[in-house]
Amino acid sequence: MRHVKNHGKNNIALYHLFFHHQDLECQLAMSFRSALQNGKFYLCYQLKFNLTEHSIASDEALIRWNSPVPDNVSPVVFTPAAEKNGIIFELTKWILEEACRQMKQWNQSGHPIKRVAVNISAPLFLSDSLPEMISKILYDYQLPAHQLELEITETAIIEYFDKELHVIHLLKKVEISILLNDFGTGVSSLIYLKKLSIDTLKIDKSFIDGVHTSFEYKALVKMIIQLAKLFKLSVVAEGVEKKE
Amino acid sequence: MSVLKKLGCDSVQGYLISRPEYPDVLNTLYTQKNMDHNKKPQNLIRVLRFLFKTEEL
């Protein structure tokens, strides 16, 4: 009915699965603000293990939502909806604050985790206020900048390259570490490695899954790692599920 | 994981090391070694045993 109303009334529309996704996004969008106010979002942390130092390198903060529609909706679904309706700014601010609060608590208890990584979506990199917001949060929680890492996706960079370049430079000025996520899945233009002041490359899971069984995938991963070393970047492999 | 190390990878992330965990779980693992063994995430325990060279966890 909403689809017909949006397209000039006095009409009919056949149900399509796409409408279900639209409805879900509408429901989620309406629930976001109250969920944020009522503490329905929470963070989980996934460790990154340093293979050379045999220590915990850092951990990635991952948002989860105890959502009413439907139960525990995946971030893959609600993050794009949050980007569309603009609440991603408030949500990311909350994630940064919560991750920094947790990091401070770990510092105080002598926890071996020494750095926390937060995913930043593309629209935020269009905002000049991001570096200022991060600096304020770090100041509020008395955290040194090297204890925070920002993860950005390769596909996000392609879309807003020039603008993001500026924001990344601002972030580097305050010594924030930047990680390029999902490397290899987009166009993987080598010019990004030269122009962006990033510190780390994260190789996408799709490459890592094939590294044990496929010579081609192994060769690709080897090439990415060698390339990263030439640019003095460290490399994280994500989606590691096998001992071999 | 060993293949990735040979290829020169610096760090790894994934279910072999640890699933996404509540901060309380990570806190408890480091601070209270007397936690009920069955409640601990097994992947993480393996890493922690390796890190701290102990079987106590």
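Modeller: A search over all chains of the whole structure finds 13 salt bridges. This is a predicted model, in which local features need pLDDT of at least 70 and side-chain atom pairs count only at pLDDT 80 or more, while totals for chains, interfaces and linings use all residues; side-chain values use heavy atoms, without hydrogens and water. Residues are numbered from 1 along each chain as its sequence is written, with chains lettered from A and ligands numbered from 1 in the order in which they are written.

Biologist: What makes the contact of K202(A) with E60(A) a salt bridge?

Modeller: The term requires a side-chain nitrogen of Lys or Arg within 4 Å of a carboxyl oxygen of Asp or Glu. The closest N and O atoms of K202(A) and E60(A) are 3.0 Å apart, so the pair meets the definition. K202(A) belongs to strand β6 (residues 200–203) and E60(A) to strand β2, both of chain A, so the pair ties together parts 142 residues apart in sequence. Strands here are DSSP runs of E with at least two residues, and helices are runs of H or I with at least four, numbered from the N terminus.

Biologist: Why are K202(A) and E60(A) called buried?

Modeller: Buried means under 20% relative accessible area, exposed means over 50%, and partly exposed lies in between (1.4 Å probe, protein chains only). K202(A) has 0% relative accessibility and therefore counts as buried; E60(A), at 7%, also counts as buried. Both residues belong to a network of salt bridges that also links K48(A), R115(A), E149(A) and E151(A).

Biologist: Which secondary structure elements does chain B contain?

Modeller: Chain B has three helices and one strand, in the order α-β-α-α along the sequence. Of its 57 residues, 51% count as buried.

Biologist: What makes Y217(A), L220(A) and M223(A) a nonpolar surface patch?

Modeller: Patches join residues with over 30% relative accessible area and no salt bridge: like charges within 9 Å, or nonpolar side chains (Val, Leu, Ile, Met, Phe, Trp, Tyr) within 5 Å. Y217(A), in helix α10 (residues 215–230) of chain A, has 34% relative accessibility and so counts as partly exposed. The three residues make a patch of about 260 Å², with areas from the Shrake-Rupley method and a 1.4 Å probe, where only the protein chains shown count as cover.

Biologist: What is the volume of the largest pocket, and which residues lie nearest its centre?

Modeller: About 1,100 Å³ of space lies in the largest pocket. A pocket is an open set of points on a 1 Å grid over the protein atoms alone, with protein on both sides within 12 Å along at least five of seven lines; lining residues have an atom within 4 Å of a point. Of its 40 lining residues, E60(A), L62(A), P75(A), N119(A) and N181(A) lie nearest the centre. Elements giving two or more residues to the lining include β2 (55–65), α4 (88–108) and β5 (177–183) of chain A.

Methods
On a 1 Å grid over the protein atoms alone, a cavity is a set of points where a 1.4 Å probe fits but cannot get out, and a pocket is an open set with protein on both sides within 12 Å along at least five of seven lines; lining residues have an atom within 4 Å of a point. Grid points are joined across faces, edges and corners, and a volume is the space filled by probe spheres set on the points.
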